[in-house]
Amino acid sequence: MHVYIEDIAKHVGSPVTIKGWLANRRSSGKIHFLQVRDGSGFIQAVMSKAQVGDETFDVASHLSQESAIIVHGAARADSRAPGGCELDITGLELVSAATDFPITPKAHGVDFLMDRRHLWIRSQRQQAVLRIRHEVIDAVRDYFNNLGFVLADTPIFTPSACEGTTTLFPVQYFDDATAYLTQSGQLYNEANAMALGRVYCFGPTFRAEKSKTRRHLTEFWMVEPEVAYANLEDIIELAQGLVVSVIERVLEKKQRELKVLERDTAKLERIAKPFARITYDDAVTLLKSKGLPFEWGGDFGSPDETALSEHFDGPVAVTGYPSEIKAFYFKPMDGRPEVSLSVDILAPEGYGEIIGGGQRLEDLDVLLQRIKDHNLPQEAFEWYLDLRRFGSVPHAGFGMGIERVVSWICGLDHLREAIPYPRMLYRMYP
Ligand code: 4AD
Ligand code: MG
């Protein structure tokens with residue numbers, strides 16, 4: 001019977017078939033140790049000449065890495081094996097041979113691996129990351145669905161900027177129009193929230209950021225909830241709940257993968273609500289006291305975020321960023337319009353911002369002024385302004401970058417490993 005490696009422990013003693021690929025092989029005289037993978041996991045399969053006969057044993061002697069094989073055998077419980085089982089091989093079929101698979105068990109440079117990303121994802125480590133990514137996404141959807149949010153998709157081709165005009169990717173849209181790849185679904189999300197109350201969108205977003213940092217992709221996935229009749233505090237609560245439930249879920253379901261990644265899970269187990277809180281004003285004072293050259297009005301760079309998150313030794317919610325450095329749609333604080341009702345949540349261990357959001361400006365006249373101040377074309381925003389003309393209410397929301405979260409949970413050095421095919425300033429291949 002065909003079984004997946006992840007389920008093999010349920011089939012101990014009975015004959016099973018595994019359909020997969022050869023990840024690695026060691027041989028010693030009359031025994032081959034084949035490390036077989038099938039996408040669901042890896043297992044050590046032991047082949048003895050006495051059991052399979054000369055012909056099959058000889059085929060296995062010449063099997064090269066990543067050859068596609070079907071293996072028949074019996075699962076045997078082995079407490080030392082990562083999946084709890086090994087396989088005693090009774091038969092083997094070669095489906096197709098692979099010659100000179102370029103990614104061998106030896107160490108390779110990052111550029112070499114990135115050029116072969118389509119093959120690199122077969123490695124145990126990369127599979128572990130992608131499986132955790134899957135779990136993160138699944139947990140995000142469950143979190144919002146269980147709270148009663150409605151998934152309402154927002155467009156990718158958009159006529160105007162959401163987060164600022166400097167990081168837009170233009171696309172020729174038929175003969176005489178330019179579309180821009182969306183930077184965020186937020187503006188449409190706000191319209192959806194006025195229709196459906198509590199909504200989220202979840203899709204790819206694009207930023208033409210010329211920054212070559214370990215935290216920036218030009219294409220990344222973002223989940224964005226938006227809630228009518230909510231304020232800044234409400235969405236900070238919502239955001240904390242989201243982060244905690246995603247972490248709990250990965251800890252519950254992805255121990256095997258976290259082990260492959262050698263992640264120190266104690267650091268994740270400590271994550272609990274409520275998160276540390278600090279205002280932007282106090283953060284500036286704190287950074288200065290740590291000797292960082294930071295002035296009120298600036299945006300935090302990576303070293304600043306790292307210093308803040310290290311100080312709190314856990315996630316921290318920073319509120320009240322200067323209105324100047326935030327997008328046009330933020331509501332200013334009552335009595336202190338230079339401060340916006342904004343929040344960023346910074347992950348610990350130097351991972352920096354994972355969530356950004358805040359309360360939206362619901363007043364038509366102030367919003368019109370902000371659109372002018374930001375030199376945005378009012379015509380393009382007429383539909384958005386309608387939300388303030390027809391039953392405007394306080395509302396708030398945020399966006400969480402999936403790759404940032406995956407990178408943090410997996411303990412990665414760079415966002416490029418947190419998505420199957422990363423898009424960056426200098427990389428669009430494969
Ligand atoms: O802080 P940002 O720019 O917020 C927005 O786009 C809001 N419109 C969201 C909202 O309120 N609905 O981006 C949100 C998150 C960041 O906290 C970060 O996790 C991620 O998106 N992010 C990136 N991830 C990877 N590469 C980039 N270049 C990113 N830029 C932002
Ligand atoms: Mg941000």
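## Two domains, one chain

The chain splits into domain 1, covering residues 5-96, and domain 2, covering residues 117-417. Keep in mind that this is a predicted model. Take the centres of the two domains over their C-alpha atoms, and you get a separation of 45 Å. Where the domains touch, domain 1 supplies nine residues and domain 2 supplies six residues.

How much area is buried between domain 1 and domain 2? The figure is about 630 Å², with carbon and sulfur atoms giving 37% of it. On the domain 1 side, Arg-37, Gly-39 and Phe-42 lose the most area to domain 2, and together they make up 56% of what that side buries. There is also one salt bridge in the count between the two domains. As for salt bridges, Arg-122 forms one with Glu-66, and their closest N and O atoms are 2.9 Å apart.

## The eight-stranded sheet

Now find the open sheet, which is built from eight strands with mixed pairing. Reading across, the order is S6-S10-S11-S18-S17-S16-S13-S12. At the edges sit strand S6 (150-151) and strand S12 (276-279), each of which pairs on one side only.

Helix H6, residues 186-196, lies across S6, S10 (198-206), S11 (219-228) and S18 (395-401), and it runs at about 30° to S11. Helix H7, residues 232-253, packs on the sheet too, touching S11, S12, S13 (316-319), S16, S17 and S18. The direction of H7 makes about 30° with that of S18.

## A closer look at S16

Is strand S16 mostly covered or mostly open? Mostly covered: six of its six residues are buried. That goes for both faces, with Ser-342, Asp-344 and Leu-346 buried on one side and Val-343, Ile-345 and Ala-347 buried on the other.

S16 (residues 342-347) pairs with S17 (residues 352-359) in the antiparallel sense, over six bridges. Along this pairing, Asp-344 stands opposite Gly-356, while Ile-345 stands opposite Ile-355. S16 also runs antiparallel to S13, with four bridges joining the two strands. Here Asp-344 turns up again, this time as the bridge partner of Val-318.

The hairpin of S16 and S17 has four residues between the strands, and in it Glu-349 takes a positive phi near 60°.

Asp-100 isn't a glycine, yet its phi is a positive value near 50°. You'll find Asp-100 in the loop between strand S5 (85-96) and helix H3 (110-115). Is Asp-100 buried or exposed? Asp-100 is exposed, with a relative accessible area of 71%.

Glu-262 is another residue other than glycine with a positive phi, near 55°. Look for Glu-262 in the loop between helix H8 (255-260) and H9. Glu-262 is exposed, and its relative accessible area is 71%.

Finally, check out two cis peptide bonds. One runs from Lys-273 to Pro-274, with omega near -10°, and Pro-274 sits in the loop between helix H9 (266-269) and S12. Another joins Tyr-429 and Pro-430, where omega is about -5°. Pro-430 is found in the segment after helix H14 (402-410).

Technical notes
Residues numbered from 1 in each chain as written. Chains lettered and ligands numbered in written order. Predicted model: local features only at pLDDT ≥ 70, side-chain atom pairs only at ≥ 80, totals over all residues. Heavy atoms only, no water. Pairing = 2+ DSSP bridges. Contact = heavy atoms within 4.5 Å. Axes fitted to C-alpha atoms, helices over the stretch in contact; angles between N-to-C directions. Buried < 20%, exposed > 50% of the residue type's maximum accessible area, 1.4 Å probe, protein only. Domains from an automatic or database assignment. Buried area = accessible area lost by both parts, 1.4 Å probe. Salt bridge = Lys/Arg side-chain N within 4 Å of Asp/Glu carboxyl O.
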